[in-house]
Amino acid sequence: MSDARGPVKSLVTPTRLEYAYTATGAHAEFLKAISEGRLIGQRCPECRKVYCPPSGACPRCGIATEETVPVADRGTITTFCIVRVPSDVIELKLPYCTANIVLDGSDIPFIALLQECEAADVRIGMRVEAVWRPRAEWGPTFENIRWFRPTGEPDVPVEKLGAWF
Amino acid sequence: MSSTPPVYTAPHVVAFDYRRSLGPVLSRFFTALRDRQLLANRTVRGRVLCPPMEHDPETGAATAPDFVEVGPGGVVTTWAWVVTPRAKHPLAHPFAFALVRLDGADTALLHAVDAGSEARMRTGMRVRPRWRAETRGEIGDLECFEPEDAR
């Protein structure tokens, strides 16, 4: 080998997709609400489940959801994941926890960051609430909610969580 | 909801930098490329593959262990003219993507040909490599091919 750098054993193959994401319909309605500090969902006219964030259709029944309902900014952890692997794009102290949270008034969980507690203390059924950024920083984005944190209320029994899986 | 909700638009970028292991054959190819050499290998039936492969694409049999140098010149076997290059394309001005069969090889390598204009492109044209001043062991070390009959 003439080159002091040694043999080439690997290559970086970057993948980069640049989308211009446009929110309309239910997504836009959700973003407008969260820019005002409110969370909304939509109820399926057939199965009566509430979806938050709403997509405009019920994934179970395959029909349009038109009724908008308010959803609380507190809820219950249905599943969670403790992250122990560092990443260039994440500035959080390890280990931290992401959780699937079903908000009060909604029937489907969504994923969110959990903070202000030890990752080891997180439990399925734990009650959590949104921590909002200062009102002056709000925009049409989910980032208005900095993260969720435990409320200290009693856990919801696991058997009562079954309906969401 | 009676009022029409607003329309929001925002950039959404998904990016991953995968590091891909090359294996014994492509490792040789890219190491040689860094030295501005084009390497090929052979199938057991004697077909010369460039870029080299670990297996004969026709039979699946392992290729022979030795490598041969091919090129540096070659022949365009097919091409497509790019009128408006995009950000990730190898050249910023109009160019051709082409399959180039290097001298001594039986298969062709996909790369860019900087011909200046589409009128200069034709199947069967002779091309030669244009190397970058600094090589790093990647396909971009070979900046592009250019027509052998210099303007």
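Let's start at A96(B), which, once neighbours within four places in sequence are set aside, is in contact with W79(B), A80(B), W81(B), V82(B), A112(B), V113(B), A115(B) and M121(B). Contact here is defined by C-beta atoms, placed from the backbone, that lie within 7 Å of each other. What you are looking at is a predicted model, in which local features need pLDDT of at least 70, side-chain atom pairs count only at pLDDT 80 or more, and totals for chains, interfaces and linings use all residues. Residues are numbered from 1 along each chain as its sequence is written, while chains are lettered from A and ligands numbered from 1 in the order in which they are written.

A96(B) also belongs to the largest nonpolar core, which has 29 residues; those touching the most other members are C50(B), V76(B), A96(B), V100(B), L102(B) and V113(B). Such a core is a set of buried Ala, Val, Leu, Ile, Met, Phe, Trp, Tyr and Cys residues joined through C-beta atoms within 7 Å. A residue is called buried if 20 or more other C-beta atoms lie within 10 Å of its own, exposed if 12 or fewer do, and partly exposed in between, with C-beta atoms placed from the backbone. In chain B, α1 (23–34), β2, β5 (74–82), β6 (95–102), β7 (109–113) and β9 (142–147) each give two or more residues to this core. These helices (H or I, at least four residues) and strands (E, at least two) are DSSP runs, numbered from the N terminus. A second, separate core has 25 residues, including A33(A), V71(A), C97(A) and A99(A).

Staying with chain B, find L26(B) in helix α1. L26(B) counts as buried because 21 other C-beta atoms lie within 10 Å. Its C-alpha atom is separated by 7.2 Å from that of M53(B), 27 residues apart along the chain.

Chain B also has an open sheet of three strands in the order β3-β2-β4, with antiparallel pairing. β3 (48–49) and β4 (67–70) of chain B stand at the edges with a single partner strand each, so one side of each has no neighbour in the sheet. Two strands pair if DSSP finds at least two bridges between them. Strand β2 (residues 38–42) of chain B is joined to β4(B) by four bridges, and L38(B) has V70(B) as its bridge partner in β4(B).

Now for the place where the chains meet. Here 27 residues of chain A are in contact with 26 residues of chain B. On the chain A side, β1 (10–23) and α1 (25–34) are the elements that give two or more residues, and β1(A) supplies the largest share, 14 residues. Between the chains, β1(A) and strand β1 (residues 8–21) of chain B run antiparallel, joined by 14 bridges. Within this pairing, Y19(A) stands opposite H12(B).

T98(A) has L113(A) as its bridge partner in β7(A). β6(A) and β7(A) form a hairpin with six residues between them, and G105(A) in the turn has a positive phi of about 100°.

Notes: Two residues are in contact if their C-beta atoms, placed from the backbone, lie within 7 Å.
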